Amino acid sequence: MQEGLRSPTVFNPKTIGESVAAKLKNPNACFWAGGTFIMSRPGFYPNPSQRDIISLKGIVDLSKVYHSDRFVEVGSMVTIQQLSNMGGYLFSHELNDAILSIGSSVIRNQATVGGALCTSNMRFSLCCILATLNAQVELRMITKSAPARWMPITKLYDRKGVFIYEGEALLTKVRIPTENKQFQVFRSIGLPMQKPEEAVVFGLQYSINQANIMLPSMCMVFPSSCFYMSQDFDNLLASINLPLTSDKIMKISKRLVSELKNASLNASALQLERASRLFESVLSEINTTFLAG
Amino acid sequence: MRLNCNVNGNQLSLVVNSDKPLSNILKDVVDSFPDNNQCLGASCGNCVVLLNGVATLSCLVPAFSLNGSSILTFDGFRKTRFYHDIERAYNDVGNQPCPQCYASKTLLIESLLIRMDKESQSRKDVVNLGRSMGFSPIPTASQGYANEMAARGRLGGGSVDPQVLSQEFSMCRCQCIELSELEKIVNLAYKYRSRRRARRT
C-alpha cells in the first residue's frame with residue numbers, strides 16, 4: 001500500500017432507498033456504476049483525496065429491463081453490451097450500429113447506460129443517441145423521501161453539456177421509445193473519449209412526407225463543451241421544402257454553426273468545421289433519399 | 001481492504017486499497033504482467049486480462065469489485081490448451097502480433113472465440129427448442145436467425161464479421177497485423193477449436 005494513501009470506504013447498498021440513504025449520510029461519496037469513465041481520468045490512482053464510493057452493482061432493480069410495445073425501459077446499471085444485445089431485436093439497424101460503435105466489446109461489457117449519461121462534464125455518443133430518440137429518464141432525488149421524477153434526457157444537461165443533477169439525484173431508469181421515425185442518422189467523428197476537444201457526435205431522426213421533413217429531432221454534441229438540441233432548429237428543419245439547393249444547404253449549415261458558437265464558447269474551430277460538414281452531408285443525403293423516391 | 005481472488009489458478013488473499021486498479025495489483029502479483037500500459041486510461045488495450053472469462057481492461061477495474069473473481073492473465077492463458085489453437089492459427093497465417101501487443105491481441109482473440117461459441121450455442125438451442133416442440137421448418141428458421149445475426153453485424157456461422165472485428169480491435173492502435181490477417185486467424189482458431197471439441201465429444 002502506498003504511503004499516505006487512504007483506502008476509500010465502499011458502500012454496497014442492495015436497494016435504491018439504501019443508496020440514497022448512504023448518499024445522504026456521506027455527501028462526499030460518489031455513485032459508482034461501471035467505473036470506466038472515473039477510472040480512465042488521469043490521476044485517478046494514486047489519489048490522496050479519493051472520495052468514498054457507493055457501488056450500485058448490488059442493486060437488482062437497476063439491472064432490470066422492461067419491454068412494452070411502445071418503449072424499452074432499462075435500469076441504469078444495464079451495460080451497453082446488454083443494450084446492444086437487445087437492440088438487435090428491438091431497435092433499427094442504424095440505432096443498433098450506433099450503440100455498437102460506442103466502443104469495443106471490452107468497454108461495452110463494463111460501461112453502463114446510467115454511467116454514460118451521468119458523467120459530470122463529458123458527453124459521449126450514448127447521450128446524443130438517446131436525446132435524439134427523445135428518451136426519458138427517471139431520477140431519484142437525494143432527499144429523505146427520495147421522490148422519483150421523470151424528465152426528458154435533454155433536461156439533464158446545460159448547453160455546455162454539464163450534468164446538472166450531480167450529487168442531487170440518482171438516475172435509475174431510462175425509457176427508450178421504440179416507435180421510431182422513418183429515418184435515423186447517427187454519426188461520430190473523432191475519438192470522444194481520448195480527444196474530446198476534437199470529436200463531434202451527431203444524431204437526427206425524421207420522416208419525409210411529400211416534400212417536407214416531418215417531426216425532426218436533432219442533437220449535436222461536442223464531448224467536452226457543447227450539448228445542442230434546439231426546438232427552434234428542429235422547427236427550421238421542419239419548415240424547409242425538399243429538394244434542397246446547395247445554397248440552401250449552406251445557409252442552414254451556417255445557421256447551425258452560428259448557434260453552436262453561441263451555445264459553446266469553448267468549441268474548437270475543428271469541431272465547428274466538422275459539425276458543419278457533417279450536417280451538410282446529412283442534408284445532402286436527405287435530398288438524395290427524397291429525389292430517389 | 002482484504003481481497004480474495006483467483007489469479008491464474010492461484011487463490012490469493014491480498015490487502016489492497018479499495019480503489020486500486022487491477023492492473024496495478026497484477027503488476028505486484030504477476031511478475032511478467034506487462035508494464036507498457038502507460039496510456040493513463042486512454043484504453044490502449046495493453047492491459048487486457050480475462051476476468052471471469054470475459055476480456056476486460058484491467059486498468060478500469062477497481063479492487064473492490066474483484067472479490068471472488070477469477071482472473072487469467074496472458075501468462076496463465078498460454079499454459080492452457082486454448083492458447084494452442086490461436087498459436088497454430090498464427091503459424092498457419094504466417095504472421096503474429098508484435099511482442100508489444102502479442103498478449104493483449106491474443107486475449108482479445110480468445111474473448112472473441114468465446115463469444116462466437118456462445119452465439120453458435122444459442123443458435124443450436126433455438127434449433128433444439130424448435131425440434132423439441134415439434135416444429136418442422138426448423139432449418140429455415142435457424143437459417144433466418146443466422147442471416148439476421150449476420151445482417152446485424154454479429155458473429156455467426158463459424159466466421160467472424162469484419163465489421164465486428166474492426167470494432168473489437170479498434171482500441172489497439174498498433175498496426176503490426178492487418179485486419180484481413182486477423183480475420184483469417186480468428187476463423188482458423190475457431191475451426192481448430194470446433195474440431196478439438198468434436199473429437200473430445
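The model is predicted, so local features need pLDDT of at least 70 and side-chain atom pairs count only at pLDDT 80 or more, while totals for chains, interfaces and linings use all residues. Residues are numbered from 1 along each chain as its sequence is written, and chains are lettered from A and ligands numbered from 1 in the order in which they are written.

**Stop 1: the domains.** Colour chain A as domain 1 (10–55), domain 2 (60–177) and domain 3 (183–291); these bounds come from an automatic or database domain assignment.

Stop 2: Show domains 2 and 3 of chain A, where 22 residues of domain 2 are in contact with 23 residues of domain 3 (contact: C-beta atoms, placed from the backbone, within 7 Å). On the domain 2 side, pick out α4 (93–100) and α7 (125–132) of chain A, which each supply at least two residues. The largest share, six residues, comes from α7(A). Helices (H or I, at least four residues) and strands (E, at least two) are DSSP runs, numbered from the N terminus.

**Stop 3: the sheet.** Now select the five strands of chain A in the order β4-β5-β8-β6-β7, an open sheet with antiparallel pairing (strands pair if DSSP finds at least two bridges between them). Because β4 (65–67) and β7 (148–152) of chain A are at the edges with a single partner strand each, one side of each has no neighbour in the sheet.

**Stop 4: one strand pair.** Zoom in on β6 (residues 136–141) of chain A, which five bridges join to the antiparallel β7(A). Look for A:E138, whose bridge partner in β7(A) is A:W150.

Note on methods
Contact = placed C-beta atoms within 7 Å.
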